[in-house]
Amino acid sequence: MKSTIIKSLLIISTLMFIYYAHSHFDSYTLSILNNIGIFAILALSYNLINGVTGQFSLEPNGFVAIGAYMTALFLIPTDTKIDMFALVDPAPVVLQMKANFLPAILAGGVAAAFIALMLSFPVFRVRGDYLAIVTLGFGFIIRIFAINNPEYTNGSLGLNDIPDSANFLWIGTIALITFIVMIHIVYSKYGRAMKAVRDDEDAALAMGINTFRIKTTAFMTSAFFEGIGGGLLASFLTTISPDQFTFLLTFQLLIIIVLGGLGSMSGTLLATILVMGSMEWLRFLDDDMVIFGMHTGAHPGMRMVIFAILLIIMMLFARRGLFGDRELGDILKLKFSKREDNAK
Amino acid sequence: MDFSTFLQQIVNGASLGSMYALIAIGYTMVYGVLRLINFAHGDIMMVGAFMTYLATSMGMPFGIAVLFGILVSVAVGILTDKVAYKPLRDAPKISLLITAIGISFLLENLFNVLFGGVPRAFDAPEYLTKVLHLGEIYLPVTVIIIPIVTVFILTSVLWVLYRTKYGMAIRALAFDIPTVKLMGANADSIITIVFILGSALAAVGGIFYAISYPSIDPLMGVIVGLKAFAAAVLGGIGSVTGAVIGGFILGFTEIFVVALFPELGGYKDAFAFFFLILVLLFRPTGIMGEDLERSRF
């Protein structure tokens, strides 16, 4: 009872913050907040398959691309499409696609979830790490398809003039919903089954858990929210091209979930703020620097070198990340009631 | 397609397949021993090509430069294992995979910072870039040399694996690491040998790649590495012979599908992926493999 009140208060105050930020903050702060919101959606759903279910996948960039293209095609007005497709005429179905904002991003999510279902048949039939390599390949294939099918995607030119309906009200609220859904999944019967698959697949199978179905469910849920995140990203940036959805995107999300703790949703939320903040703050590393009077020249990629080293060091020395696989609530509860015997 | 074009494509396919085979062996051996998809393996190949490029541009003769490239790649391979993989031998598998991704991303971005992301022209010496005309067939010298050198290297690797004590140790390790340790063998130094062999072959593959497509960039290893892994799965992961067969099948497929259906040219890089999906769907153990949980060379 008490916890229900606390939860409701938390949700209401978050919604109030989102509304306040939307109407009062300046556009730079809002753009950072929007970025954090979108990455939170992506990282939370990525953590469901990687952290909670323990199936190492490298898919986010592929599913984000699907969601982004789907949403963009639904949102761009028909006349703009005809003007924009410079390489070939758009396919008739592209011209017919038209929807409001919410159906458009949901369509992106559904499309991504459908692709995830298709991928899970070859991948989850075998044990081992094939998910990682298949999803890594999938990210490249999506790009190849986007470039080679200009009648749907306008090829390497990408899509521009996407209506920017995604303000912080949308992004913040959807991020909040994603968080609530994820927490509920983690503590549900499915979440427990997912953790069982992660910890010992044979034991889970012996307990009567349909591990194939659990893995597929986790993968599809993850893909659905990544597709939605992609749709929001497309509308937030108003322009997308195949080169945006490279492995770099997946890598950033990987850093976030490792830092937050694989399997911890509240850790992921905190890590999203930390990583996105420091990405912004460390921007100077990529630029020309003057050290002892010598110009180092611009080094695009320097930040990523730092983050790659950070990831390796975290894996070697602090594998559990900030919160391990527990949620903030569990950690606080343990602290206050001193039930150390319940701790792992 | 007339006969001379057919022959031409056979030679091209053999050359491309050789490169995939060389790189696939490293994947399959590391997977066989550690059950790890070594994501950094494709980037080791890139290191080999870049270091050879660096040495030639500093004026070293090509032979020495190749040796230098191979040595640096081997050093990077050993270092990766010692620094990043060895402390995680008993950690959950997912930690090992994340570390491998981290190493891969580190190498790509480090070389991006050091050399810039713009592709660079790779200058091979005259005697390697010559083109012979045999009747109607164009034969770049490399296309002949690559398969020959590859066959020689593969025979040597198989000889090491099946005829020497070290090879026996590697095969034993692929079956069961704890038992090998109990028998008094030093598992870590055997794993080092696996990384030396794999990295050296990847470097050779990378140098061949750089000669054939005379341009190199820090991300060249990603897509080739992915294809080589697909080839290893196709042949049966854990099996060296399988990796070679898978590599050649993939090489021939890429060349012939593009030759027969030029409109599919844009999808060339996607074939490996479809192979991977098909193999996982219909014969997850690949051509030579029998059981995924165990493996043999």
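# A two-chain predicted model: a working chat

Me: Where do helix 2 and helix 14 of chain A come together, and at what angle do the axes cross?
Reply: The axes of helix 2 (residues 27-52) and helix 14 (residues 265-281) of chain A come within 9 Å and cross at roughly 135 degrees. Axes are lines fitted to C-alpha atoms, for helices over the stretch in contact, and angles run from 0 to 180 degrees between N-to-C directions. Helices (H or I, at least four residues) and strands (E, at least two) are DSSP runs, numbered from the N terminus. This is a predicted model, in which local features need pLDDT of at least 70 and side-chain atom pairs count only at pLDDT 80 or more, while totals for chains, interfaces and linings use all residues. Residues are numbered from 1 along each chain as its sequence is written, and chains are lettered from A and ligands numbered from 1 in the order in which they are written.

Me: What does that angle make the two helices?
Reply: Helix 2 and helix 14 of chain A are therefore oblique to each other; angles under 35 degrees count as roughly parallel, over 145 as roughly antiparallel, 65 to 115 as roughly perpendicular and the rest as oblique.

Me: Which residues meet there?
Reply: Among them are A:Ile32, A:Phe39 and A:Leu44 in helix 2 of chain A, and A:Met265, A:Leu269 and A:Ile273 in helix 14 of chain A.

Me: Let us turn to the two chains. How many residues of each are in contact?
Reply: 35 residues of chain A are in contact with 34 residues of chain B. Two residues are in contact if their C-beta atoms, placed from the backbone, lie within 7 Å.

Me: Which helix of chain A gives the largest share?
Reply: Helix 7 of chain A does, with 10 residues on the side that touches chain B.

Me: And A:Phe56, where is it found?
Reply: A:Phe56 is in the loop between helix 2 and helix 3 (60-75) of chain A. Leaving aside neighbours within four places in sequence, its contacts include A:Leu131, B:Ile94 and B:Leu97. A:Phe56 and A:Leu131 are 75 residues apart in sequence and 6.6 Å apart in space, C-alpha to C-alpha.

Me: Is A:Phe56 buried or exposed?
Reply: A:Phe56 is buried, with 26 other C-beta atoms within 10 Å. A residue is buried if 20 or more other C-beta atoms lie within 10 Å of its own, exposed if 12 or fewer, and partly exposed in between.

Me: Which residues touch the most other members of the largest nonpolar core?
Reply: Of its 198 residues, these are A:Ala72, A:Leu232, B:Ala24, B:Ala49 and B:Ala230. Helix 9 (residues 187-212) of chain B gives the most to this core, with 15 residues. A nonpolar core is a set of buried Ala, Val, Leu, Ile, Met, Phe, Trp, Tyr and Cys residues joined through C-beta atoms within 7 Å.

Me: What is phi at A:Asn154?
Reply: A:Asn154 has a positive phi of about 60 degrees although it is not a glycine. A:Asn154 lies in the loop between helix 8 (150-153) and helix 9 (168-186) of chain A.

Me: What is the average pLDDT of chain A?
Reply: Chain A averages a pLDDT of 86, and 93% of the residues score at least 70. pLDDT is the predictor's confidence in each residue, from 0 to 100. Over residues 338-344 of chain A the pLDDT is below 50. Where pLDDT is low, the predicted coordinates should not be read in detail.

Me: What are the scores of the model?
Reply: The model scores ipTM 0.87 and pTM 0.88.
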